[in-house]
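The following paragraphs lead through a structure from one chain to the other by way of the contact between them. Please keep the sequence and the model in view while reading.

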Amino acid sequence: MSARDNMRVMACGTVSKCACPRTSPKKKLLAVVAALPMLLGASEPKLVPDVSDTQIDIAYSFTGANLLLFGAILYPGGRTPSADTDVAVVIKGPAEPLLVREKAKIAGIWVNHASERFRSVPSFYAVATSRPLDKLVSARTAAIYEIGIDNLLLSPANGSSAGEQARFETGLVNLKRQSGLYAEHVGAVSVREGVLYRALVPIPARVPVGQYTAETYLIRNGHIVAAATREIDIGKSGFERFVAQAAEHFPLLYGLAAILISLLMGLVAAIGFGRVRR
Amino acid sequence: MHLYLPIAGLSVNALVIVLLGGIVGMLSGMFGVGGGFLTTPLLIFYGVPPAVAVASSATQITGTSVSGVLAHSRRQGVDFRMGTVLVTGGAVGSFVGGIIFRLLQKTGQIDTIINLLYVVLLGWIGLGMARESVRAVMATREGKPPPPITTKRHRRWIAALPGRWRFYGAGLYISPLAPLLLGFLTGLLTVLMGVSGGFILVPAMLYLFGVSARVVVGTSLFQGLFVTATTTLVHSLTTHAVDLVLAGLLLIGSVTGAQIGSSLVQRVRPERARMMLALIVLTVAIRMALGLTWRPDAIYTVQLL
């Protein structure tokens, strides 16, 4: 969220620079419109992003998906595209509050003994870049835009010491990495002649459902010069959606149905085999 | 063949799950245990969230028990009176278990408690069964008749309980409070561990109460049928963790397996069958114990708030 807000602030900043101060709204608008061609001519290139699927359906045979993110870089005023153009794509799942528990060996067995709360942990995070992260942007920029797994802001909420928080963060991130929910795909973005870019990001089968965002950043000389966001909806569909919703909204009926189904299957098997034996 | 489980939120190989159900069903048909003590840990090992594994394996046991109960009741192998008392205790136990489950979940100790329960109970029962069955096998090898299962028909604490009922099938004249308490305990375990409690009930009825061996398996299945049905309901109302697709897959395997198992057991000598079960139970217990003491793969675990 913070990254997008920053982007908005930046965009507003460039516009207000040319808007004349203290004029009526109408005049102000006119001035902006009049200045638009000039503004575009003077400004940095623009991103036109797209994704292969804005809606991913999880059905019975879902074993993961490949998300193709592609687009064009528009250079105002017919300027020749420059070769040192880099693109980073960040895909984020809905953020959720989490409790992370740490095991320790107590009296010979491993038990949970310490825990740390995190207020907003992205349920999914994947970043694809055209070059290694450290060569792409400065550490500060990467932190501001949350580019790279190590730059995620997880907002620990316990008020414990910094070292302890870092330990839990590392544990959490490693866990997410192992389950494939956090991933960095270095070199997964290819930029052709500085104009077209494409990135292929794998979405694992265990992906949580919800509203995802795909943020694309255009990077030149270590600076982010343009950004654009697309929304992706990942949800269960058909029968899977029906089952999940029934379990959530009609628990009594769902439980009774489960019992009935298992009773029927047991009966059918008993009768079927009884016939075979006779 | 991969299939997506809507509640567990992952896709699994359907054939593996059906096969797992089949093996568990065979055990169930042979020994009268629900087989949950195998299903739950194996599902967790496969990556299914523990809550979903516990809840869905309870659903599966319901179906498996049906065919077993029908088969045994045809041979008059169910003491319905004893069964009803056990079920009453079990229903209360599963509701209390639901509350305890929630409390433990909050403190984060549910996994440890489940594992400890498995190790202690399975280890204790497995050892007892192994000792008894090895003696029986040794005796038959020496040409002697197998020693009778040593049960005190008269235990002082059971006899001290007030009120006595006649249980004709079981061949007992004892206070209903004893089986009621046993039912309560197995109900608790069903919710906490996703087992039908057969592996507690069968030895307890056999060795503690001295129930006639003819009705032990059938009555245990009868009790398991109702208690797991209650547990399915408790879980779908509280944890929303019953996965119908997962339970269905397990059921396809286990109802067939149960039928095969119950015809198979008639060809195996009972003491050998008991030895096999003891071996399986002990293996699970040892694996669980190692799991507790070995450094786990994941030091950190995550819970949604």
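Strands (E, at least two residues) and helices (H or I, at least four residues) are DSSP runs, numbered from the N terminus, and two strands pair if DSSP finds at least two bridges between them. This is a predicted model, in which local features need pLDDT of at least 70 and side-chain atom pairs count only at pLDDT 80 or more, while totals for chains, interfaces and linings use all residues. Residues are numbered from 1 along each chain as its sequence is written, and chains are lettered from A and ligands numbered from 1 in the order in which they are written.

Strand 10 of chain A (residues 196–203) has a covered face made of Y197(A), A199(A), V201(A) and I203(A). Its uncovered face carries L196(A), R198(A), L200(A) and P202(A).

Chain A also holds an open sheet of 6 strands, in the order 2-12-11-4-7-8 and with mixed pairing. Strand 2 (55–58) and strand 8 (182–186) of chain A each have a single partner strand and stand at the edges, so one side of each lacks a neighbour in the sheet. From one strand to the next the twist averages 15°, where axes are lines fitted to C-alpha atoms (for helices over the stretch in contact) and angles run from 0 to 180 degrees between N-to-C directions. Strand 2 of chain A runs parallel to strand 12 (residues 223–236) of chain A, and 4 bridges join them; Q55(A) has D233(A) as its bridge partner in strand 12.

The contact between the chains comes next. It takes 46 residues from chain A and 46 residues from chain B, two residues being in contact if their C-beta atoms, placed from the backbone, lie within 7 Å. On the side of chain A that touches chain B, helix 7 of chain A gives the largest share, 15 residues.

A sheet also spans the two chains: 3 strands form an open sheet in the order 6(A)-5(A)-5(B), with antiparallel pairing. Strand 6 of chain A and strand 5 of chain B stand at the edges with a single partner strand each, so one side of each is left without a neighbour in the sheet. The twist in this sheet averages 25° from one strand to the next. Between strand 5 of chain A and strand 5 (residues 300–304) of chain B there are 5 bridges. In strand 5 of chain B, T301(B) is the bridge partner of R101(A), and V302(B) stands opposite V100(A).

Chain B as a whole has 11 helices and 5 strands. Its C-alpha atoms fill a box of roughly 55 × 45 × 40 Å along the principal axes. Of the contacts in chain B with a separation of 6 or more, 80% are between residues 24 or more positions apart.

Technical notes: Buried ≥ 20, exposed ≤ 12 C-beta atoms within 10 Å, placed from the backbone.
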